[in-house]
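Me: Hi! I have a structure open and I'd like to talk it through with someone. Can you help me find my way around?

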Amino acid sequence: MEKELSKAVLANISIPEDTAHIFAETAHRFEEMMMMYQCAIQEVTTKLEVLSREMSVRNNRNPIETIKFRIKKPKSIAEKLIRNGFEVSVDSASQNLNDVAGVRVICSFIEDIYTIAKMLTSQDDIHLVNVKDYIKNPKENGYRSYHMIIEIPVFFSDRKQYMRVEVQIRTMAMDFWASLEHKVRYKKDIPNSEEMALRLKKCADVIAATDAEMLKIAQEINII
Ligand code: 0O2
């Protein structure tokens, strides 16, 4: 029903001929920007996959469990620009947002997070723009994760362009927590949201203690 309605609405929208090119141009530039971020993600994940493959062969254990990635949705790009007081445009998004392209690395142990971050940022083509260590400094709600904004060169047909990518590195337990908390945060009409936040904070503390203890055990039996 909704689909039919929007089709009917769209059919009735007439774009004046002399302005149609503006829409087409903007759409094309947006598509191009997304393609460039997609390529940047590809470059970062390739680097991580190389590290993962190497460590699987050279070490007894691979610290990288999973690599996930995402491109920020147009709606979220616009919302974040508005929230931070920036103009909503293609240029503004690439100038002002650091996380249009995002890569998430999931590890077993806290120590793995720092190992991977170091391995990645010590590669000489990577520029480290900033680090937010929410493991050493957890957010008030209990959120823990290690965030880096990096710039990675992408070789296009006519130029080399440094692209920004947000890399989030966290343990499986931290990821489990963040994914539930994210769902709670975006769910509207939660009647007992304050109590829910307290329960989530408690879970985050339990998870942090468990992550620390698991690391200790792994170190004691020399697997890390
Ligand atoms: P989404 O839906 O993941 O895209 P900055 O980008 O540095 O200008 P920002 O965005 O506050 O400012 O940076 P920060 O704190 O590094 O957070 C970036 C991302 O980390 C967020 O992206 C979330 O993915 C994640 N994150 C940060 N804080 C929390 C939290 O409290 N809970 C959960 N579940 N995730 C968090 P977006 O753009 O908010 O959303």
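Me: Great. What kind of model is this?

Reply: This is a predicted model, so keep that in mind as we go.

Me: How many helices and strands are there in the protein chain?

Reply: The protein chain has seven helices and five strands. Starting at the N terminus, the order of the elements is α-α-β-α-α-β-α-β-β-β-α-α.

Me: And what does the C-alpha trace span along its principal axes?

Reply: The C-alpha trace of the protein chain spans about 70 × 55 × 30 Å along those axes. The chain has 224 residues, and 23% of them count as buried.

Me: What share of the contacts between residues at least 6 apart in sequence join residues at least 24 apart?

Reply: That share is 64% in the protein chain.

Me: New topic: the core. Which residues touch the most other members of the largest nonpolar core?

Reply: Those are Ala40, Val105 and Val165, in a core of 33 residues. At least two residues each come from α2 (17-58), β2, α5, β4 (146-155) and β5 (160-171). Helix α2 gives the largest share of this core, six residues.

Me: What does Ala40 touch, not counting residues up to four places away in sequence?

Reply: On that count, Ala40 touches Ala101, Ile152, Val154, Met163 and Val165. There is also another core apart from that one, with five residues, including Ala173, Trp177, Ala178 and Ala204.

Me: I clicked on Ile41. Where is its place?

Reply: Ile41 is in helix α2. Leaving out residues up to four places away in sequence, Ile41 touches Phe69, Ala101, Val103 and Val165.

Me: Is Ile41 buried or exposed?

Reply: Ile41 counts as buried, because it has 21 C-beta neighbours inside 10 Å and the cut-off for buried is 20 or more.

Me: How far apart are Ile41 and Ser92 in space?

Reply: They are 20 Å apart, C-alpha to C-alpha, and 51 residues apart in sequence.

Me: Now Phe109. Where does that one go?

Reply: Phe109 is in the loop between β2 (101-107) and α5 (110-121).

Me: Let's move to the helices. At what angle do α6 and α7 pack?

Reply: Helix α6 (residues 172-186) packs with helix α7 (residues 193-220) at an angle of about 170°, and their axes are 10 Å apart. That angle makes α6 roughly antiparallel to α7, because angles over 145 degrees count that way.

Me: Which residues meet there?

Reply: From α6 there are Ala173, Met174, Trp177, Glu181 and Val184, and they meet Met196, Leu200, Cys203, Ala204, Ile207, Thr210 and Asp211 in α7. By class, this contact of α6 with α7 has nine nonpolar, one polar and two charged residues.

Me: Last thing. What is the phi of Asp189?

Reply: Asp189 has a positive phi of about 60°, although it is not a glycine. Asp189 lies in the loop between α6 and α7. It counts as exposed, because it has 5 C-beta neighbours inside 10 Å.

Me: And what about Asn222?

Reply: Asn222 is not a glycine either, and its phi is positive, about 55°. Asn222 is in the segment after α7. With 7 C-beta neighbours inside 10 Å, Asn222 counts as exposed.

How values were computed
Residues are numbered from 1 along each chain as its sequence is written. This is a predicted model: local features need pLDDT of at least 70, side-chain atom pairs count only at pLDDT 80 or more; totals for chains, interfaces and linings use all residues. Axes are lines fitted to C-alpha atoms, for helices over the stretch in contact, and angles run from 0 to 180 degrees between N-to-C directions. Helices (H or I, at least four residues) and strands (E, at least two) are DSSP runs, numbered from the N terminus. Angles under 35 degrees count as roughly parallel, over 145 as roughly antiparallel, 65 to 115 as roughly perpendicular and the rest as oblique. Two residues are in contact if their C-beta atoms, placed from the backbone, lie within 7 Å. Ala, Val, Leu, Ile, Met, Phe, Trp, Tyr, Cys and Pro count as nonpolar, Asp, Glu, Lys and Arg as charged, and the others, Gly among them, as polar. A residue is buried if 20 or more other C-beta atoms lie within 10 Å of its own, exposed if 12 or fewer, and partly exposed in between; C-beta atoms are placed from the backbone. A nonpolar core is a set of buried Ala, Val, Leu, Ile, Met, Phe, Trp, Tyr and Cys residues joined through C-beta atoms within 7 Å.
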